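Colleague: I would like to learn how to read a few features of a model. Could you take me through them one by one?

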Amino acid sequence: MRAPLRHLLGIETLRPEEIDAILSKAAIYADGHKADRKPFSELTQVNMFFENSTRTQSSFELAGMRLGLDVLNIAMATSSIKKGETLIDTALTLNAMKPDVLIVRHSGGGAVSLLADKVDCAVVNAGDGRHEHPTQALLDALTIQRRKGRISGLTIAICGDIAHSRVARSNIFLLQKMGNRVRLVGPNNLVPKGLAELGCEIHTDMRTGLEDADVVMMLRLQKERMQGAFVPSEREYFHYWGLDEEKLAFAKPDAIVMHPGPMNRGVEIDGAIADDLSRSTIQEQVEMGVAVRMAVIETLLEARR
Amino acid sequence: MTQTLTNAKIIDPENDRVFSGGIVIEDGLIAEIFEGSRDGTDLNGIYLAPGIVDIGVKVGEPGERHKESFKSASSAALAGGVTTMIIRSDTNPAIDTPETLAFVQTRARENSKVHTHVTSTITLERKGEEMAEIGFMRDGGAIAFSDGDAVIIDSKTAIRAYSYIAMMGGVLIGHIQEPHLSKGAVATSGAFATKLGLAAVSPLAEKIGLQREMALVEMTGVRYHVDQITTSAALPVLERAKASGLDVSAATSIHHLTLNEFDIDNFRTFFKLKPPLRSENDRQAIIAALKSGLIDSISSMHTPQDEESKRLPFDDAAAGAVAVELLLSAALRLFHSGEFTLPELFRALALNPAKRMGLPTGRMEVGAPADLVAFDAETPWVVDREKLHSKAKNTPFDGAKMQGQVRATWIAGEKQYEI
């Protein structure tokens, strides 16, 4: 038996049982059950977001509060880092304050695990560079499980800017571990060839990429990447890779459409599809986010008792 | 409608043969090819070959219609036996949006008398910065993508653009040049340029340019056509690229095949070309490479310039020459010198460029479009630039002696030109 989970730094190192356990716990909260707050009162959660975030930070904040933790947000944008302190020194300073769980987002891949090595508490990666965003993949998995009744044996098309997406990487790891067929769809400049070696099918054509898919997962494309750098223009991107009715018709009739947000309507997704609640899970994903983060924090804290 | 052309010397580039016979044309296609003589239009023993496919013709629409229009360019093409023009994107504005492409295609459709296919740019304004809408332009019928003589200097931009073209299944027409080395140069470095005191570029600039482009092709997998290779130094690079299986083809220009740097003596600006004319050793090496098939095709690199832009000191004069009309006559010099057979010449002038551009023309075969040129290889004549059909008259061949002339040109079975 493996040691209990100390941190959640990525999906890549998780075992399927660990994923299942988190999802089962999260499912209970998602069903509206309230947490027993007593075990967590007087514990402290510190949110350190070196990159700006609204939805993820709020979601973690809410998750901590619902578990009864004291939640402290440190605005890293105005912190000592700006005064020249190194990441490790910041970590040591924080560690001296003895938090119980640290939620960290950083623009550098690997920065969160570097920090985790230097502190005594549990660390949750809330996104490191283009590397991983494990809680997003878990909340996506929970959403799929609730809509599809399972999280294995599905064909899942992840579409758009895979190259710059930590969401994509965590999802690829999770969905493959759980036994799904993962397709990556997008222009070749945004879909690194190396991902084929991870066992994904690579498609540059949405029609073949979406064919018979159970789940269509759209990714956000940042505007500056469209203006002639990776793809020529927004209109050309939408024409070939934006999700509209015509392209979605290649997926299974009951396929669901996911998006981690924030979305660019008319660029990667047609607004009408995003708003179609029978197909789009975009709001549900946000809801599942809180439940999953509660389950993650609880799992890590219980392991340290 | 059926018509028969008979009593010709048929040139079949694909099967490398010349024979007495004729062809039957039906619905614009070659319906039959026969040996011997039949009833029909008597060509009196002159040659009949597939029409020339010229990659890289500059037409001044939009922006420089006073230099060349579709009407004048296609008249010149017909008189030169060129039945398909692949026109360049380096117009003003450049053909860098689907809207401009559609405009140019409409102009070509309404005014060009020969088959005309349009190249569009790789980057906006050919600046090498932002990728143009390559997908939309592919779907709009752009036959290839090229920034003309502008090299995309930023390798990251180049890699992304080349990958994108590869994904879209397009052909890229590239210019091989190390732009920092060739900047400001008007001649090829060597004793002759030194004597004239002209700013000169080393042939190495072409070699480095080709090496870099081949590395990008290897990385991105794009189908690549070199607009013109003109130096001996670059040839081994091309040879290695082909041997390693890269999907690359190359043309050279009619001027670099038939002229050399000494021709610019007395600072004659009609001989100012880009890249500049090379040494005689280079010219000989290029001829040998064309003969061996290492170089695939011959282009006119037709570049109309008005009198004002040529009537300047050599340094300041515009580069380029009109050539679509004289392409075949000039190429026949290589036939008369004994260096090429006629089927070999038409492989380079018609068959290979047609194949590379994915066009069914350029071959003497049943089912191919009846795009044809009839010419004699003997009649001596002297070029008078004022008689050219192009609006611009900037040819280095003015006053040159030629042997052999186009007599008639057919586009899809219709005779469009005859003398």
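Colleague: Which residue forms a salt bridge with B:Arg107, and how far apart are the closest N and O atoms?

Modeller: Some ground rules come before the answer. This is a predicted model, where local features need pLDDT of at least 70, side-chain atom pairs count only at pLDDT 80 or more, and totals for chains, interfaces and linings use all residues. Residues are numbered from 1 along each chain as its sequence is written, chains are lettered from A and ligands numbered from 1 in the order in which they are written, and side-chain values use heavy atoms, with hydrogens and water left out. A salt bridge is a side-chain nitrogen of Lys or Arg within 4 Å of a carboxyl oxygen of Asp or Glu. Here the partner of B:Arg107 is B:Glu61, with the closest N and O atoms 2.6 Å apart.

Colleague: Which parts does that pair tie together?

Modeller: Helices (H or I, at least four residues) and strands (E, at least two) are DSSP runs, numbered from the N terminus. B:Arg107 sits in helix H2 (residues 98–111) of chain B, and B:Glu61 in the loop between strand E6 (52–57) and helix H1 (70–79) of chain B, so the pair ties together parts 46 residues apart in sequence.

Colleague: Is B:Glu61 buried or exposed?

Modeller: Buried means under 20% relative accessible area, exposed over 50%, partly exposed in between (1.4 Å probe, protein chains only). B:Glu61 is buried, at 3%. B:Arg107 is partly exposed, at 21%.

Colleague: Which distant parts of the chain does the pair B:Lys291 and B:Glu344 link?

Modeller: Their side chains meet in a salt bridge, 2.9 Å from N to O. B:Lys291 belongs to helix H10 (residues 280–292) of chain B and B:Glu344 to helix H13 (residues 342–356) of chain B, 53 residues apart. B:Lys291 is partly exposed at 40%, while B:Glu344 is buried at 17%.

Colleague: How many salt bridges are there over all chains?

Modeller: The count comes to 40. Some join into a network: B:Glu307, B:Arg311, B:Arg385, B:Glu386 and B:Asp398 are linked in this way.

Colleague: In what order do the four strands of the open sheet in chain A run?

Modeller: Two strands pair if DSSP finds at least two bridges between them. The order is E2-E1-E3-E4, with parallel pairing. Strand E2 (70–74) and strand E4 (122–128) of chain A are the edges, each pairing on one side only. Within the sheet, strand E1 (residues 44–49) and strand E3 (residues 101–106) of chain A share five bridges. A:Gln45 stands opposite A:Val101 in E3(A).

Colleague: Which strands does helix H2 of chain A touch?

Modeller: Axes are lines fitted to C-alpha atoms, for helices over the stretch in contact, and angles run from 0 to 180 degrees between N-to-C directions. Helix H2 (residues 55–66) of chain A touches E1, E2, E3 and E4, at about 175° to E1(A). Helix H12 (residues 282–303) of chain A lies across E1, E3 and E4, at about 145° to E4(A).

Technical notes. Contact = heavy atoms within 4.5 Å.
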